[in-house]
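Student: I have a model open and want to learn how to read it. Can we go feature by feature?

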Amino acid sequence: MNTIEHRLMELEAKVAFQDETIEVLNDEIKVHQQLLAKMKRQTELLAEKIKESQSASSMMSEVPEPPPPHY
């Protein structure tokens with residue numbers, strides 16, 4: 001086998017390895033994007049719950065609370 005054929009085979013092997021690596025990394029990015037979208041939605045839901053609880057607690061604070069019983 002001459003030098004050019006050997007070099008060509010090495011380059012083809014490198015390209016094949018790079019293609020596989022790119023595919024694996026692309027799959028990993030997809031997983032991370034899905035996880036990030038899920039976490040973003042959870043954060044939005046938590047923010048909504050916090051706002052709701054704050055508005056509910058402010059409504060409750062307007063009503064005078066009876067004094068606690070003393071023993």
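Student: Let's start with salt bridges. How many does the structure hold?

Tutor: Side chains of opposite charge can pair when their charged atoms come close. This is a predicted model, and it holds one salt bridge.

Student: Which residue forms a salt bridge with Arg41?

Tutor: Glu44 does, with the closest N and O atoms 3.4 Å apart. That falls inside the cut-off, which is within 4 Å.

Student: Where do Glu44 and Arg41 lie?

Tutor: Both are in helix α1. They are three residues apart, about one turn of the helix.

Student: How far apart are Lys40 and Glu20?

Tutor: Look at sequence and space together. Lys40 and Glu20 are 20 residues apart in sequence and 30 Å apart in space, C-alpha to C-alpha.

Student: Now charge on the surface. Which residues gather in a patch of negative charge?

Tutor: Asp19, Glu23, Asp27 and Glu28. Patch members need over 30% relative accessible area and no salt bridge. Take Glu23: its relative accessible area is 45%, so it is partly exposed. Glu23 is found in helix α1, which covers residues 3-62.

Student: How many positive and negative side chains does the protein have?

Tutor: There are 8 positive and 13 negative side chains. The centres of the two sets lie 4 Å apart.

Student: Next, the overall fold. How many helices and strands are there?

Tutor: One helix and zero strands. Then check the spread. The radius of gyration is 31 Å, well over the 11 Å that the globule rule gives for 71 residues, so the protein is more spread out than a compact globule.

Student: What box do the C-alpha atoms fill?

Tutor: Roughly 100 × 25 × 10 Å, taken along the principal axes.

Student: What share of the residues is buried?

Tutor: Of the 71 residues in the protein, buried ones make up 0%.

Student: And how much accessible surface does the protein have?

Tutor: About 7,300 Å². Carbon and sulfur atoms account for 64% of that surface.

Notes: Residues numbered from 1 in each chain as written. Predicted model: local features only at pLDDT ≥ 70, side-chain atom pairs only at ≥ 80, totals over all residues. Heavy atoms only, no water. Patch = residues over 30% accessible without salt bridge, like charges linked within 9 Å, V, L, I, M, F, W, Y side chains within 5 Å. Areas by Shrake-Rupley, 256 points an atom, 1.4 Å probe, with all protein chains shown as cover. Salt bridge = Lys/Arg side-chain N within 4 Å of Asp/Glu carboxyl O. Lys, Arg positive; Asp, Glu negative; His and termini not counted. Charge placed at Lys NZ, Arg CZ, Asp CG, Glu CD. Helix = DSSP H or I, 4+ residues; strand = E, 2+ residues; numbered from the N terminus. Buried < 20%, exposed > 50% of the residue type's maximum accessible area, 1.4 Å probe, protein only. Rg over C-alpha atoms; globule rule 2.2 N^0.38 Å.
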